[in-house]
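Please look over the structure shown here before reading on.

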Amino acid sequence: MGLLAVIGGSGCQGVRDAGVIGHSEPVTPFGDASGALLHCRLAGREFLFLARHGAPHHIPPHRVNYRANIWALQQAGASAVVAVNAVGGIGDGMHPGRIVVPDQIVDYTHGRAQTFFDEDHPGGLTHVTHVDFTEPYADELRDGLLGAARARDLQPADGAVYGVTQGPRLETAAEIRRMERDGCDIVGMTGMPEAALARELELPYACIALVVNWGAGIEGGGIAISSVMRHLEEGMEKVQEVLQIIIREYGK
């Protein structure tokens, strides 16, 4: 099928057991990417890896150069993108530790560069361009992620609405209640504009989300960051299992 790219989020700085066979420091028309683009190999399969928040983890969600990241992956030859995201749970069953493969997005972010089709596009703007974003995630990649998670008996949630907030602060209880009314099942800070930018470059894109906490106010009281970090560390072991399978399967 082609060359898979993995964008690692919080808690995911690489793919377990993969070897790095090269790296580059991408510079794009939209500025620098989050960090080095790693060319990796796992079980004979080559893939690309990019840490969304840099290595070490230091770039907050509202400061990630999403345009540079997606542009760099496409220029490096990526033919599809799997994104790893740590999220909070809102809907029934979206408890900490759950693996979720969302199928929809609601974007609450603001002030982020949302499109390649702007005045700084390297080809210039000769006409207004719209892209269909009815279904933000690629079905084939979603199916692959779900199949990989089921193969490890991880009981993934098939479909969810991912509400994307600005960050870096966590949400208020009232904001979570509003998101619940809006139909959101999970909440995170990095799903957009990443998914839309991939669509603009015609890169199939899907997300594997790990729930690391309940949304604010759902269980009462505040959110303990120590608990978030524990669920992140434990849950990323499951995510690693899924990534290893999807990398091995992609390209067959």
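**Briefing on a predicted model**

Ring pairs join Phe-30, Trp-71 and Phe-116 into a cluster. The model is a predicted one. The count of aromatic pairs comes to 4.

**Aromatic pairs**

- A pair of aromatic rings is described by how far apart the centres lie and by the angle of the planes.
- Tyr-137 and Tyr-205 form a stacked aromatic pair, with 6.1 Å from centre to centre and 15° between the planes.
- Tyr-137 lies in the loop between β9 (104-107) and α2 (139-151), and Tyr-205 lies in strand β13 (residues 205-214), so the pair ties together parts that are 68 residues apart in sequence.
- Tyr-137 has a relative accessible area of 3% and is buried, because buried means under 20%.
- Tyr-205 also counts as buried, at 2% relative accessibility.

**The largest pocket**

- Rolling a probe the size of a water molecule over the atoms shows where empty space is left.
- The largest pocket holds about 520 Å³ of space.
- The lining of the largest pocket is made up of 27 residues.
- Ser-10, Ala-86, Leu-170, Met-189 and Val-228 are the lining residues that lie nearest the centre of the largest pocket.
- At least two residues of the lining come from each of β7 (80-89), β12 (186-188), β13 and α5 (225-249).
- By residue type, the lining of the largest pocket divides into 14 nonpolar, 11 polar and 2 charged residues.

Definitions and conventions:
Residues numbered from 1 in each chain as written. Predicted model: local features only at pLDDT ≥ 70, side-chain atom pairs only at ≥ 80, totals over all residues. Heavy atoms only, no water. Phe/Tyr/Trp six-rings, centres within 6.5 Å; stacked < 30°, edge-to-face > 60°. Helix = DSSP H or I, 4+ residues; strand = E, 2+ residues; numbered from the N terminus. Buried < 20%, exposed > 50% of the residue type's maximum accessible area, 1.4 Å probe, protein only. 1 Å grid on protein atoms, 1.4 Å probe; cavity = no way out; pocket = protein on both sides within 12 Å on 5 of 7 lines; lining within 4 Å. Points joined across faces, edges and corners; volume = space filled by probe spheres on them. Nonpolar A, V, L, I, M, F, W, Y, C, P; charged D, E, K, R; others polar.
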